[in-house]
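Here is a short briefing for a first look at this structure. Keep the model in view while reading.

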Amino acid sequence: STMVDEEFENVDAGAAKCFPQQCSALRKGGHVLIKGKPCKIVEMSTSKTGKHGHAKVHLVGIDIFTSKKYEDICPSTHNMEVPNVSRKQLQFIGMDGDGYLSLMDDSGEVRDDLQIDPEFEEKNKEWVAKAKGEPDDLNEDYIVTVLGAMGEEKITDVKATK
């Protein structure tokens with residue numbers, strides 16, 4: 001039926017990669033695009049410039065995917081692009097030798113296109129070693145957190161479901 005098709009289109013249309021927000025409305029701990037990268041804002045300071053100048057906002061952000069630091073300065077009245085950041089919790093099924101995970105979402109869909117990065121591996125060494133070697137050693141169920149923004153995704157966390 002045509003209704004089903006329309007539903008799918010609407011889902012896509014609603015998920016814009018980013019939206020504009022006035023610079024002065026941004027908050028520490030929130031997200032913003034700096035140099036096209038989705039960043040978490042770690043520092044914000046406002047400076048007045050001259051008698052007739054506009055206040056300028058100095059932003060420091062950490063790229064949510066690479067942890068690189070970016071800075072930007074924008075007039076407080078200007079719009080900045082804010083990325084839509086999604087956080088998904090997926091059920092861990094397994095991992096292959098290259099660090100690709102098999103993950104299942106609530107609807108039972110399985111995906112195996114997400115690979116762990118060195119930062120994640122460093123943080124979760126023991127778990128990764130077990131998951132790559134003998135998943136049976138993992139005698140609990142695990143939930144993996146996947147962060148998404150700007151069409152990219154990254155595995156950020158894993159927790160036993162207790």
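Buried means under 20% relative accessible area, exposed means over 50%, and partly exposed lies in between (1.4 Å probe, protein chains only). By that scale Glu153 is partly exposed, with a relative accessible area of 29%. This is a predicted model: local features need pLDDT of at least 70, side-chain atom pairs count only at pLDDT 80 or more, and totals for chains, interfaces and linings use all residues. Residues are numbered from 1 along each chain as its sequence is written, and side-chain values use heavy atoms, with hydrogens and water left out.

**The chain as a whole**

- The chain has three helices and eleven strands. Both are DSSP runs, numbered from the N terminus: helices are H or I with at least four residues, strands are E with at least two.
- Along the sequence, the pattern reads α-β-β-β-β-β-β-β-β-β-α-α-β-β.
- The chain holds 162 residues, and 31% of them count as buried.
- The accessible surface is about 10,400 Å², with 49% of this belonging to carbon and sulfur atoms. Such areas come from the Shrake-Rupley method with a 1.4 Å probe; for residues, only the protein chains shown count as cover.
- Contact means heavy atoms within 4.5 Å. Among contacts with a separation of 6 or more, 47% are between residues 24 or more positions apart.

**The four-stranded sheet**

- An open sheet is formed by four strands in the order S2-S3-S4-S5, and the pairing is antiparallel. Two strands pair if DSSP finds at least two bridges between them.
- Its edge strands are S2 (31–34) and S5, each of which pairs on one side only.
- On average, neighbouring strands of this sheet are turned by 45° against each other, direction ignored. The axes behind this angle are lines fitted to C-alpha atoms (for helices, over the stretch in contact), and angles run from 0 to 180 degrees between N-to-C directions.
- Strand S3 (residues 37–47) and strand S4 (residues 56–63) run antiparallel and are joined by eight bridges.
- Two residues show how S4 is faced: Cys39 stands opposite Asp63, and Glu43 stands opposite Val60.
- S4 and strand S5 (residues 69–75) also run antiparallel, with seven bridges between them. Here His58 has Ile73 in S5 as its bridge partner.
- S4 and S5 make a hairpin with five residues between them. In the turn, Ser67 has a positive phi of about 65°.
- In a regular strand, side chains alternate between the two faces of the sheet.

**Salt bridges**

- Side chains of opposite charge can pair when their charged atoms come close.
- A salt bridge is a side-chain nitrogen of Lys or Arg within 4 Å of a carboxyl oxygen of Asp or Glu. The count by this rule is eight salt bridges.
- Lys88, Arg111, Asp113 and Glu153 are linked in a network of salt bridges.
- Arg111 is partly exposed, at a relative accessible area of 22%. Asp113 is also partly exposed, at 46%. Their side chains meet in a salt bridge (2.9 Å, N to O).
- Arg111 also forms a salt bridge with Glu153, where the closest N and O atoms are 2.7 Å apart. Arg111 lies in strand S9 (residues 110–115) and Glu153 in strand S11, so this pair ties together parts that are 42 residues apart in sequence.
- The side chains of Glu122 and Lys125 meet in a salt bridge (3.0 Å, N to O). Glu122 and Lys125 are exposed.

**A buried residue**

- Thr156 lies in strand S11 (residues 152–160). Its relative accessible area is 17%, so Thr156 is buried.
- Beyond its neighbours within four places in sequence, Thr156 is in contact with Phe120, Lys123, Thr145 and Leu147.

**A nonpolar patch**

- Ile93, Met104 and Val110 make a nonpolar surface patch of about 240 Å². Patches are made of residues with over 30% relative accessible area and no salt bridge; like charges are joined within 9 Å, nonpolar side chains (Val, Leu, Ile, Met, Phe, Trp, Tyr) within 5 Å.
- Met104 lies in strand S8 (residues 100–104). With 31% relative accessibility, Met104 counts as partly exposed.
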